[in-house]
Amino acid sequence: NLNLQPIGVMGELYVGGDGLTRGYLNRDDLNISSFVDNPYNPGEKLYKTGDRVKWLPDGNIEFHGRLDNQLKIRGFRVELEEIESVISEIDEVVESVVKAVKQQNGDVRLIAFINLSETGSVTEETLKNIIKGRVPQYMVPSVIKIMHGFPKTINGKTDRNALIIDLQELNGREKESTDAMTETEKVIYTIWCDALKSSDFSVNDNFFSIGGNSLLAISVMTKIERAFNSEFRLKLFFDSPVIKDIAETVDLIKSRDEANTGLQTNKDSSVKWVEGEI
């Protein structure tokens, strides 16, 4: 809000003074959004850098990422640069770029573009498993695109704008992962998607690690009971809040119910046959 921040408090870095440029050439839209009047020195302009920083006691400025690389996923604040940093520490990874893609339903997908070394042979699945072990589930990219070399700008920097993924390719990968589910898993997965307002998770993800809470768990469990016309103890959900485990238990209970129903039917039929003979 253009208020000066004290030492140690996070804020956005603005640049001004004699060395400030007049603006972007032929980009009035950027000039309007990036250059603002200096409230502390009327007549001068300040440039919004978009950098999150704070003053240190020794007078230096500590950088804490970009404001435009921040977003919220299922209520969690996510720093794209933090994810990139974790990925770049993996062996064979030269560089990584993580971008957020917004779907038509408002859901956000994280896409990781990973530049592997020329001799790198690590797979997407291996990379995703490594990332899962280092960051919370909501920070794990939905899709990983392996590349050998990134496009560069005229200044030799990575051209982030040139790193794109076809939405058809993204939807195709999601459909493929859904097709691999059992029928029971698909039903539970759909219920979770509705509750979490997201489909960015797998059958092996923990409900409470991807944005779920106790109240949602009760609602979800009620819908699962209705879907399968059976009653389940809530303890089933809290013991292992994972679609795969819940689906296995649901299938097991359904099988037992069907078996018991079959036994009851056979028993009744047998009695009627005996009575008929009598």
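Colleague: Which residues have the most contacts inside the largest nonpolar core, and how many residues does this core have?

Modeller: The largest nonpolar core has 24 residues, and I188, W192, F201, V220, I224 and F237 are those with the most contacts inside it. This is a predicted model, in which local features need pLDDT of at least 70 and side-chain atom pairs count only at pLDDT 80 or more, while totals for chains, interfaces and linings use all residues. Residues are numbered from 1 along each chain as its sequence is written, and side-chain values use heavy atoms, with hydrogens and water left out.

Colleague: What makes a set of residues a nonpolar core?

Modeller: The set must consist of buried Ala, Val, Leu, Ile, Met, Phe, Trp, Tyr and Cys residues joined through side-chain atoms within 4.5 Å. A second, separate core of 23 residues includes V78, V86, L127 and V140.

Colleague: Which residues does F237 touch, beyond those up to four places away in sequence?

Modeller: With contact meaning heavy atoms within 4.5 Å, F237 touches W192, F207, F208, A217, V220, M221 and I246.

Colleague: Why is E84 called buried?

Modeller: Buried means under 20% relative accessible area, exposed over 50%, and partly exposed in between, with a 1.4 Å probe and protein chains only; E84 has 9% relative accessibility and therefore counts as buried. Leaving aside residues up to four places away in sequence, E84 touches S96, V97, V98 and R160.

Colleague: What share of the protein chain counts as buried?

Modeller: Of its 278 residues, 33% count as buried.
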